[in-house]
Amino acid sequence: MTKVIMIQGTMSSAGKSFLAAGLCRIFRQDGYRTAPFKSQNMALNSYITSEGLEMGRAQVMQAEAAGISPMVCMNPILLKPTSHTGSQVIVNGEVLGNMSAREYFSYKKKLVPFIGEAFEKLSKLCDIIVIEGAGSPAEINLKENDIVNMGLARMVDAPVLLAGDIDRGGVFAQLLGTLMLLEPEERERVRGLVINKFRGDKSILDPGIEMLEKRGGVPVTGVIPFLDIRLEDEDSLTGRFDRRETGLVDIAVIRYPRISNFTDFNVFENSPDVSVRYVASASELGSPDLIFLPGSKNTMGDLKWMRQNGLEAAVKKMAARGVPVFGVCGGFQMLGDGISDPDGVEEGGSVRGMELLPVRTVLTGKKERRQAAGAIPELPGVLGGLMGCHYEGYEIHMGRTHRADIDAGNTGAGAPAPERSEMRVGSETSSPASGRSETGADEIMPPVISDAKNVYGTYIHGLFDAGDTAERLLRALAEKKGVSLRAGESMDYRSFKEKQYDALADALRAHMNMEEIYGMLKDARLA
């Protein structure tokens, strides 16, 4: 007897993900088994479940807020852009293939049964499902065969909250214009309006709210202030990319055109003396204390982009000066001697790497997906203090990486074995199909690769999230630089996020009419 409620927005980045997460936390606090759902997510930030299946990180965040483990049925369709006009299509956590926008637009109605099955599976596990839409329900060119906004609301008979972003301006036009472009049956589903990201005195807004309710015929259920809640953003719309200030310890993350899983670096933003800057040109790089090469959805293309705009040369100069360089996933592949693509997974052919780590990568059509856990081994250089730190993360990559100089006979912590891409410690690996631990592997790669004092690579996302790993890294950088960091919030990112979910729930309770929200749930269908 599951109840449902749906959050839609007037545009992308209107705050749907945060509102859904906040409601998930509120319902959990009130004693209900709650789960998030988004039928189709377009994002380059993804996650691997315990079953070894891929889903969008926004629903992972919302599942955390709801206090349940992420399941792929929460996000049955994931689109990962590979170009301006095409995406990799992932259905129920498995790669279906690459499609152009036009191909997918024609194909997506075939995915309706998968959406229904995923929703039905989820409805058997919980009391309330909080559904997130995508973009705007008023995109008239996309409304045919819609499977993520009003089409989904109709499919599961969900009442809708419509959110607008006042911080961008024009919120009344956003909300009224959206209502006007909806069909009568769709407008009837909109049970409340939410004005999000408001700054200032709400009483000044009251005349506008009165006019909005009169013309739109829908009550304003909440006016949410601009909140300093630090949770994960969705892809390239994040405000994190606009930060330019530098702290006592300055971290630069290379912002490629197809950057993915940049959530790996959110944990470092918790220290008041640390800056995390996303840089897209050599002139923006400055003199950082650590450079991250993040994941990429098009590793070869993004490496060529770095080469063409001078960032590759700038990073290599920094590495030569002793500045630590750390590659994650696609960034790790770029640091090697070369990348080959014999099957045309990305661009075909081969490309020379940055030649900072003696490894080579061959891209394959099979996506490696697994969760990973263990302890960081002994490392050279500034990261030596991370030895023994526990990590829990996941791998998700196209390609297998081996050592370029395997004849050297070096199989130490900085030397991956030649025929395996698993990054493990001891004798544990994970099965791509199940995510479960298996033992007895002969060739095992450590979680972090380093054959130089200041260049490192890993396939593991979330390597720094657990325990005090991030804090140890930052203090090592500060010591190397000769500065002292003030005590900040705990670097255990998971504990930090729990506090943020509670703060978000408190804010929504204070500024939304929860009595009306629960009234909408009473009128919702029994799934």
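Two strands count as paired if DSSP finds at least two bridges between them. In this predicted model, six strands form an open sheet in the order E2-E9-E1-E10-E11-E12, with parallel pairing.

**Sheet**
- The edges of the sheet are strand E2 (34–37) and strand E12 (220–225), each of which pairs on one side only.
- From one strand to the next, the twist averages 20 degrees.
- Within the sheet, strand E10 (residues 160–165) pairs with strand E11 (residues 190–198) in the parallel sense, over six bridges.
- Leu-162 stands opposite Leu-193 in E11.

**Helices across the strands**
- H6 lies across E10 and E11 and runs at about 145 degrees to E10.
- Helix H15 (residues 514–523) lies across strand E1 (3–9), strand E9 (128–132), E10, E11 and E12.
- The direction of H15 is at about 120 degrees to E1.

**Helix pairs**
- Helix H6 (residues 171–181) packs with helix H8 (residues 202–216) at an angle of about 5 degrees, their axes being 10 Å apart.
- Angles under 35 degrees count as roughly parallel, so H6 is roughly parallel to H8.
- On the H6 side, Phe-172, Leu-175, Leu-176 and Leu-179 make the contact, and the residues they meet in H8 include Leu-205, Ile-209 and Leu-212.
- By class, this contact of H6 with H8 has eight nonpolar, two polar and one charged residues.
- Helix H2 (residues 57–66) and helix H14 (residues 493–511) pack at about 80 degrees, with axes 10 Å apart, and are therefore roughly perpendicular to each other.
- Met-61, Glu-64 and Ala-65 in H2 meet Lys-497, Glu-498 and Tyr-501 in H14.
- The contact of H2 with H14 has three nonpolar, no polar and three charged residues.

- The model has 14 aromatic pairs.
- Phe-27 and Tyr-518 have ring centres 5.5 Å apart and planes at 70 degrees, so this pair is edge-to-face.
- Because Phe-27 lies in helix H1 (residues 16–29) and Tyr-518 in helix H15, the pair ties together parts that are 491 residues apart in sequence.
- Phe-27 counts as buried, at 0% relative accessibility.
- Tyr-518 also forms a tilted pair with Tyr-32, at 6.1 Å centre to centre and 45 degrees between the planes.
- Tyr-32 lies in the loop between H1 and E2, so its pair with Tyr-518 in helix H15 ties together parts 486 residues apart in sequence.
- With a relative accessible area of 36%, Tyr-32 is partly exposed.
- Phe-265, Phe-268, Phe-292, Phe-326, Tyr-456 and Phe-464 are linked into a cluster by ring pairs.

Technical notes. Residues are numbered from 1 along each chain as its sequence is written. This is a predicted model: local features need pLDDT of at least 70, side-chain atom pairs count only at pLDDT 80 or more; totals for chains, interfaces and linings use all residues. Side-chain values use heavy atoms; hydrogens and water are left out. Axes are lines fitted to C-alpha atoms, for helices over the stretch in contact, and angles run from 0 to 180 degrees between N-to-C directions. Helices (H or I, at least four residues) and strands (E, at least two) are DSSP runs, numbered from the N terminus. Angles under 35 degrees count as roughly parallel, over 145 as roughly antiparallel, 65 to 115 as roughly perpendicular and the rest as oblique. Contact means heavy atoms within 4.5 Å. Ala, Val, Leu, Ile, Met, Phe, Trp, Tyr, Cys and Pro count as nonpolar, Asp, Glu, Lys and Arg as charged, and the others, Gly among them, as polar. Rings of Phe, Tyr and Trp (its six-membered ring) pair if their centres lie within 6.5 Å; planes under 30 degrees apart count as stacked, over 60 as edge-to-face and the rest as tilted. Buried means under 20% relative accessible area, exposed over 50%, partly exposed in between (1.4 Å probe, protein chains only).
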